[in-house]
Amino acid sequence: MMNRMFSHEQILIKRDGGLTPVVASALPCGVTAVFRVFIARIYGAYDGVFRLRADEDFGKHGGVSVPLEWITFENGHDVFEAEIKVSDFCDSNGGLFFYRYEFKTYYGERYCVSDGFSELSVNALPSERQLLVYGGDSDFAYAPRGIIYHIFVDRFCRSGKCEVKKTSVLNEDWENGVPEYAENNGGFLKNNTVFGGDLYGVAEKLDYIKSLGTELIYLSPIFDAYSNHKYDTGDYMKVDPSFGGDEALEYLVSEAKKRGIGIILDGVFNHTGDDSVYFNRCGTYPSVGAYQSKQSPYFGWYTFRNFPDDYECWWGIRILPRVRCDEPSYRKFICGEGGVIEKWMRKGIRGFRLDVADELSDGFICEIRETMKREDPDSVLYGEVWENASNKVSYGVRREYFRGKELDSVMNYPLRKAVIEYLKNGDYGTFRALLNDVYGTYPPFAVRLLMNFLGTHDTERIMTALAGAPSDGKTNRELATLKMTSEERERGTKLVRLAFAIVFTVPGIPCVFYGDEAGMEGYHDPFNRRPFPWGRENCEISDFIRALSVIRAENDAFADGGFLIREANADFAVLERKNKGGGVMTFVNRSEKEFTVCFDCPVNDLLNGERTAEKRIEPLSCAIVSFDGDLPEYETYQSEK
């Protein structure tokens, strides 16, 4: 079970006559919860009150005030608790709430519990904690033990079986070709230069992908579209012919299934391309598009300020007209009988990742999920959410992603930021804060399926982010050919290994962006989307990932173990995963000095197979050890060299 992020507070659920600690500040509907707080005896606290309120600006529920009952004295602290039925303040739809603890002292003044929980602040503003209540059918059985492998299809592998479309330009230099780029960020770009990767190429590399420990492949958009990235959908009902068409996807799904791998598609449902069946500004398709006529069956999908040339676009990008996702005919097209979701789920797809989920309505996401679960109860629905998804506000609306009827989980962008800030800059405060924020507020179903990544098609390559020269002040022309020095790559390789050690040992599912395991470098889009360097991989990283995958698969603590940052400073971090049978500890040394860890009993070194009571950890390296039973005591010593 997850350890609480704050040692002086506990939230427990009454079950079968006993009390079970919860994962985080998140409760299922219908339970009775106990809120327990530990206050240092020196404050002489009494007459405590637990106060809970609904989300002020967006809530539809009430609140409660319950006396805190003194129950015991423990380790210098008075222990108080309040018992609350969730149904007293929240219905089965769930909600977002905030709570605080207040006390009087023998001096007669009212005190509020501070963020430290064991300390009291005189007449302070209330220090509130978030509480998410969730309902729905969110706790389904599927819990992957393998990893997710994220592929940008055009740049992964060229099979030679597919023809390039007439509207595309082929760059045949797979080894050293530079992706098409604009002179200035945000400048016009056709994005029709391709390198020729396709789905048959992905299928050819399935054994390689499986060797990394992959259980799910997340594909960048594959539907028919003009661009190389396919985020400008032309036809949701067809796989792009340059990727091999529907036949290639069916073949890939079949071959992947033989290896125990499922396929997730990128669902780009917030906007289409202007060159599409539905908008058809270029007249490419035989349909009558919304741009061509107000009588088009697709006209209601879009918002025209002044027909036909002034229309609402995604972020003002004219080639991406925004769709009205709550328009009934569009919703039916995506989620209805014979619609987009149903068609591809029946082709064997295991799930979707929703592009720009913040711009889709809660009702639309609910309907997508309902359609998916009817086809496959174990399918997974991810959302692209860059911030904390438990309390996200977008366009003035508090989102309900984790109330149990929408997303199964999200892409864990805060984790990527935390890892980079720590390994690159030694910022352990941000590291702690971001991880505690996510793992302290997300419900268990979302934590279990979190997509934990270091890079995507939208971010700098992790090798460059950790060890490359800053991009500040450099033009795109300079960034297109800028390479890391041998010294930067040597350091970067060590830091990337440390980054993956963290990603593979925190709760959630590790996600590897194609080529990160091969040591690919590159700045912002499109320089992070170069072709995969087949035959030139950085095996120090890829072999390390294979070892981490085995460790995850063979240790149950990664499936159901609690999580705690036991230690984090500018030089050293210790992460813990523990369940009833034992656990795993990850020691991360980001310093230039050697550390020695001495345990009070032997532990298993999972990276080299040794059993030892003393472990030396070289500069910019890590150790992962397992133990049985109780957590071993340990001491760390830093070399003076």
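A polar contact is a pair of N or O atoms within 3.5 Å. The views below are taken from a predicted model.

**View 1. The N-terminal end of helix α13 is capped by asparagine 538.** A side-chain oxygen of asparagine 538 lies 3.1 Å from the backbone nitrogen of glutamate 540. Helix α13 covers residues 539–554. Its 16 residues should span 22 Å at 1.5 Å a residue, and the end C-alpha atoms are 22 Å apart, which agrees.

**View 2. Buried residues of helix α13 and the elements they contact.** Ile541, Ser542, Phe544, Ile545, Leu548, Ser549, Ile551 and Arg552 are the buried residues of α13. An α-helix has 3.6 residues a turn, so residues three or four places apart point the same way. Packing partners of the buried α13 residues are the helices α10, α12 and α14 (557–560), together with the strands β12 (147–151), β27 (509–513) and β33 (621–628).

**View 3. Helix α7 and its surroundings.** Helix α7 (residues 413–425) has 13 residues, and its first and last C-alpha atoms are 18 Å apart, close to the 18 Å expected at 1.5 Å a residue. Among its buried residues are Tyr413, Leu415, Arg416, Ile420 and Tyr422. The buried residues of α7 pack against α8 (428–439), α10 (462–467) and α12 (486–505), as well as β26 (451–453), β29 (572–579) and β30 (582–589). Glycine 426 follows the helix, with a positive phi near 75°.

**View 4. A nonpolar surface patch that includes isoleucine 319.** Trp315, Ile317, Ile319 and Tyr395 make this patch of about 480 Å². Isoleucine 319 sits in the loop between β20 (310–311) and α4 (328–335). Its relative accessibility is 34%, so isoleucine 319 counts as partly exposed.

Definitions and conventions:
Residues are numbered from 1 along each chain as its sequence is written. This is a predicted model: local features need pLDDT of at least 70, side-chain atom pairs count only at pLDDT 80 or more; totals for chains, interfaces and linings use all residues. Side-chain values use heavy atoms; hydrogens and water are left out. Helices (H or I, at least four residues) and strands (E, at least two) are DSSP runs, numbered from the N terminus. The expected span of a helix is 1.5 Å times one less than its number of residues. Buried means under 20% relative accessible area, exposed over 50%, partly exposed in between (1.4 Å probe, protein chains only). Contact means heavy atoms within 4.5 Å. Patches are made of residues with over 30% relative accessible area and no salt bridge: like charges are joined within 9 Å, nonpolar side chains (Val, Leu, Ile, Met, Phe, Trp, Tyr) within 5 Å. Accessible areas come from the Shrake-Rupley method with a 1.4 Å probe; for residues, only the protein chains shown count as cover. A salt bridge is a side-chain nitrogen of Lys or Arg within 4 Å of a carboxyl oxygen of Asp or Glu. A polar contact is a pair of N or O atoms within 3.5 Å; within protein, one must be able to donate a hydrogen and the other to accept it, and residues adjacent in sequence count only if both atoms are side-chain atoms.
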